[in-house]
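The sequence and coordinates are shown first.

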Amino acid sequence: MEKHYTLITGASMGIGRALAEECAQRGRNVLMVALDGPELHTAASEIAQKYGVAAQPFGIDLTATDAPLKVYTWCQENGYIVDILINNAGFGRGDILNKIPLGVYQTMLRLNNQVMFEMTYHFLPQLKQLDKAYILNTSSMEGLMPMPFKAAYTSTKHFVTAFSLSMREELAETGVSVSALCPGPVVTNEDGLKRIQRSGRKAKLVVMYPNQVAPIALNGLFRGKRIIIPGVVNQIMILLNNVLPLALRMRMLRKIGAGVIPKEEG
């Protein structure tokens, strides 16, 4: 019998690795896609040994030309049947717009949006052939609100959210369910921890860790939720954001966004 797999991009660390572990804990085989390196192969080996599932690593720079197609081809050549596609790979930067090099933005747009789009495009025909399949796209709370000083990142996550909602309706008559994961601040590395610390005491109220986000994400996915927002405080914030007048909302978001600007040293 052919094995079914959950494919996760950005799976070597952070939310991606936590999602891979959560899937494995639930008895699901995983395909772990990320930059090639010891972190990826160690993560796959540890997950396979700990949970007794198949955990196959595939090291690749997803921003390279045709990388998503190469991931799809790898699955086809090895007979991996993907019934859950998790487009998780991505990154963000915050500062005054022109203080960040253009190349960083170009890579961000490629990874956060184009890679997600191409992965979905390539795997969708196979997913539609199955009785039940899922797509989970990692967006952000900022994919539901425009955040000053993080204009590029926020815009990429708005794209993720809009794409997910649109595809969900387009696939309503199929067995494919699409959800957008919209977490608030998640501590995935030292840089992320420093950004949260710069944002002040209030930011810490909404901070979560990857191992907290992962089970909420999968539970929401399997329940067919359109938007998955981990954390009660985060859910309340989104509700308030939706009812406030736009001018007031943007003034508040500007204050929050200003907290991500790196402080000058010296």
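Which residues of α5 are buried? The model discussed here is predicted. In α5, the buried residues are Ala152, Tyr153, Thr154, Thr156, Lys157, Val160, Thr161, Phe163, Ser164, Met167 and Arg168. Their cover includes α4 (102-129), β5, β6 and β7.

Helix α5 (residues 151-170) belongs to a right-handed β-α-β unit together with β5 and β6. Six of the six residues of β6 (residues 176-181) are buried, and the strand is therefore largely enclosed by the rest of the structure. Val176, Val178 and Ala180 are buried on one side, and Ser177, Ser179 and Leu181 are buried on the other, which leaves both faces of β6 covered. The pairings of this strand are summarised below.

| Strand paired with β6 | Sense | Bridges | Bridge partner of Leu181 |
|---|---|---|---|
| β5 (residues 133-138) | parallel | six | Thr138 |
| β7 (residues 227-228) | parallel | two | Ile228 |

**The loop between β5 and α5**

Leu144 lies in the loop that links β5 to α5. With a relative accessible area of 26%, Leu144 is partly exposed, because the buried class requires under 20%. Beyond its neighbours within four places in sequence, Leu144 contacts His158, Thr161, Cys182, Ile227, Ile229, Ile238 and Asn241. Thr161, one of these contacts, is also among the buried residues of α5. Leu144 and Asn219 are separated by 75 residues in sequence and by 21 Å in space, C-alpha to C-alpha.

**Nonpolar cores**

The largest nonpolar core comprises 34 residues, of which Leu7, Leu31, Leu62, Val71, Cys75, Leu85 and Phe123 touch the most other members. Two or more residues each come from β1 (4-9), β2 (29-34), α3 (67-78), β4 (81-87), α4, β5, α5 and β6. The greatest contribution is that of α4, with seven residues. Val71 touches Leu7, Val33, Phe58, Ile60, Leu62, Met119 and Phe123, with residues up to four places away in sequence not counted. Another core, of 30 residues, lies apart from the largest one; its members include Ile15, Ala20, Leu40 and Ile84.

Terms used. Residues are numbered from 1 along each chain as its sequence is written. This is a predicted model: local features need pLDDT of at least 70, side-chain atom pairs count only at pLDDT 80 or more; totals for chains, interfaces and linings use all residues. Side-chain values use heavy atoms; hydrogens and water are left out. Buried means under 20% relative accessible area, exposed over 50%, partly exposed in between (1.4 Å probe, protein chains only). Helices (H or I, at least four residues) and strands (E, at least two) are DSSP runs, numbered from the N terminus. Two strands pair if DSSP finds at least two bridges between them. A crossover is right-handed if, with the strands pointing away from the viewer, the path from the first strand over the helix to the second runs clockwise. Contact means heavy atoms within 4.5 Å. A nonpolar core is a set of buried Ala, Val, Leu, Ile, Met, Phe, Trp, Tyr and Cys residues joined through side-chain atoms within 4.5 Å.
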